[in-house]
Amino acid sequence: MQQNNNEKRTLLVIDDIADNLMLMNEVLHDTYKVKGANSGERGLRIAFSDTPPDLILLDVMMPDMDGFEVCRRLKESPLTRHIPVIFVSAKSDSTDEEKGLALGAVDYLIKPISPPIVKARVKTHLTLKDASDFLRSKNDYLKQEVDRRTAEVIQQSEKLYAMQDVTIMAMASLAETRDNETGSHIRRTQTYVK
């Protein structure tokens, strides 16, 4: 989640065509910090860096490693699987769109882009990412809290069982002072109670 409202969110644009990188930078640089990568390999290096992007805009058709493979690798890693990926491609075939979404992309835009649509989609998916990150952190916290409290209950139960044993032994000793048979019977019964 964005911690400082004055700090710009970081977007990573991965496209092998320099004009497309410049266009996306021009459209988004007023609102976001835009990083560019002209190959899938470079894009992955930036995504796996110490300062990963908040969202990735990814071209499908690139030499060496296409966008589908980049997306697959991003979604495979626990470090980057929660970064939203939006495909931006000239491939308008519905099977390509379906494949991209099946790989874990959150959206698929067709080139040529419409700047207001790109801005709206980026904003929407960053908002959804913030909500998802918030819920994931709360879920992690709740899981830790449940584990902690379960351990406390187990510890208290063990103490209660120990006190129960001590109480039964004390009662057996008291009963033995009155009648040896009754004290032995209470001790035998104690093993069945556990």
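Where is the place of Lys 8 in this chain? Lys 8 sits in the segment before strand E1 (10-14). I shall return to this residue after an overview.

Colleagues, what we have here is a predicted model, in which local features need pLDDT of at least 70, side-chain atom pairs count only at pLDDT 80 or more, and totals for chains, interfaces and linings use all residues. Residues are numbered from 1 along each chain as its sequence is written, and side-chain values use heavy atoms, with hydrogens and water left out.

Let me begin with the overall architecture. The protein has six helices and five strands; helices (H or I, at least four residues) and strands (E, at least two) are DSSP runs, numbered from the N terminus. Read from the N terminus, the order of elements is β-α-β-α-β-α-β-α-β-α-α. Of its 194 residues, 32% count as buried, where buried means under 20% relative accessible area, exposed over 50%, and partly exposed in between (1.4 Å probe, protein chains only). The protein exposes about 12,500 Å², and carbon and sulfur atoms supply 55% of that area; accessible areas come from the Shrake-Rupley method with a 1.4 Å probe, and for residues only the protein chains shown count as cover. A contact means heavy atoms within 4.5 Å. Among contacts between residues at least 6 apart in sequence, 55% join residues at least 24 apart.

Now to Lys 8 again. At 41% relative accessibility, Lys 8 counts as partly exposed. Leaving aside residues up to four places away in sequence, Lys 8 touches His 29, Asp 30, Thr 31, Tyr 32 and Lys 33.

Leu 58 lies in strand E3 and is buried, with a relative accessible area of 0%. Its partners beyond four places in sequence include Ile 14, Val 70, Val 85 and Phe 87. Leu 58 and Phe 87 are 29 residues apart in sequence, yet 4.7 Å apart in space, C-alpha to C-alpha. Asp 96, in helix H4 (residues 94-102), is also buried, at 13% relative accessible area. Asp 96 touches Phe 68, Lys 91 and Tyr 108, again not counting residues up to four places away in sequence.

How do helices H2 and H3 pack? The axes of H2 (residues 40-47) and H3 (residues 67-76) come within 10 Å and cross at roughly 20°; axes are lines fitted to C-alpha atoms, for helices over the stretch in contact, and angles run from 0 to 180 degrees between N-to-C directions. The two helices are therefore roughly parallel to each other, a term for angles under 35 degrees. The contact is made by Gly 40, Glu 41, Leu 44 and Ala 47 of H2 and by Val 70, Arg 73 and Leu 74 of H3.

Finally, two points of backbone geometry. Most residues other than glycine have a negative phi, and most peptide bonds are trans. Asp 64, although not a glycine, has a positive phi of about 70°. Asp 64 is placed in the loop between strand E3 (55-58) and H3, and counts as exposed at 86% relative accessibility. The peptide bond from Lys 111 to Pro 112 is cis, with omega near 0°. Pro 112 is found in the loop between strand E5 (107-110) and helix H5 (115-178).

How values were computed:
Angles under 35 degrees count as roughly parallel, over 145 as roughly antiparallel, 65 to 115 as roughly perpendicular and the rest as oblique.
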